[in-house]
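Hello,

Here is the structure I promised to pass on. My notes follow below it.

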Amino acid sequence: MAKEKLTILLPTGHLPLGLMEAARQLAAVHSLRVYLTNRQNLRLIDIPGHAYEEVRQELAKAGARFQEPGLFPLPTVCVGKPDCRHGLFDTEAVSTEIMRQFDGCFPSGSRLKIAVSGCCRCCSGAKLADIGVMGTRDGCDVFAGGKGGAAPIVGCRVARGVALGEVIRIIEDLVAFHQHKGVPGQRIAELMDDPEFPLSAC
Ligand code: SF4
């Protein structure tokens, strides 16, 4: 029978102990592999088809939320302030506020990656994401149009030293523009020269 996999979303990369224990028990019982994804989520691999629903339900009972089409993308975050000595802001708080504002429906097929980094070292890849937020001594810098992959592109800075409320407004503008263009799979990097692009380099 075919093997299945499940990806559990871990906001800000944190794994609650109850969920960790439920995943550990299910992995032991069903001989699953446990993989930490580069988007900071937890993936259970090799789930026997006959056990898939049980595994999903047990994880849901432990609080799991699963990756699926149509969800706004969780930001990838670095550890930030106060746990990193270089951190200039609390990356967890910024990411949580982004998800509080945008959590919910997102058009299926849309590709958007968001990253939050606590300083210019950009350990979470804020300059290589569609939308990147980076801590500075003066506030947040926002980048747009970055991407990784075979031909990486460094995003363009579209705001300097702004407060979190302004970051949210800029993300709103970028998401609305991206959705308005509505081409499945298109990255913001491909839209930077569009005459309707809502922001300018700074
Ligand atoms: S980006 Fe800066 S604050 Fe974040 S983990 Fe790296 S060095 Fe620390």
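At what angle do helix α1 and helix α2 pack, and how far apart are their axes? First, the basis. This is a predicted model: local features need pLDDT of at least 70, side-chain atom pairs count only at pLDDT 80 or more, and totals for chains, interfaces and linings use all residues. Residues are numbered from 1 along each chain as its sequence is written, and side-chain values use heavy atoms, without hydrogens and water.

**Helices.** α1 (residues 17-30) and α2 (residues 52-61) pack at about 160 degrees, with axes 9 Å apart. Helices are DSSP runs of H or I, at least four residues; strands are E runs, at least two; both are numbered from the N terminus. Axes are lines fitted to C-alpha atoms, for helices over the stretch in contact, and angles run from 0 to 180 degrees between N-to-C directions. α1 is therefore roughly antiparallel to α2 (an angle over 145 degrees). On α1, Leu19, Ala22, Ala23, Leu26 and His30 make the contact; on α2, Glu54, Val55, Glu58 and Leu59 do. Contact means heavy atoms within 4.5 Å.

**Sheet.** Three strands form an open sheet in the order β1-β3-β2, with antiparallel pairing. Strands pair if DSSP finds at least two bridges between them. β1 (3-8) and β2 (33-36) are the edges, each pairing on one side only. β2 and β3 (residues 42-48) share four bridges. Tyr35 has Arg43 of β3 as its bridge partner.

**Ligand.** The residues around the ligand include Cys78, Cys84, His86, Cys119, Arg121, Cys122 and Cys123. Near means a heavy atom within 4 Å.

Best wishes

Note on methods:
Angles under 35 degrees count as roughly parallel, over 145 as roughly antiparallel, 65 to 115 as roughly perpendicular and the rest as oblique.
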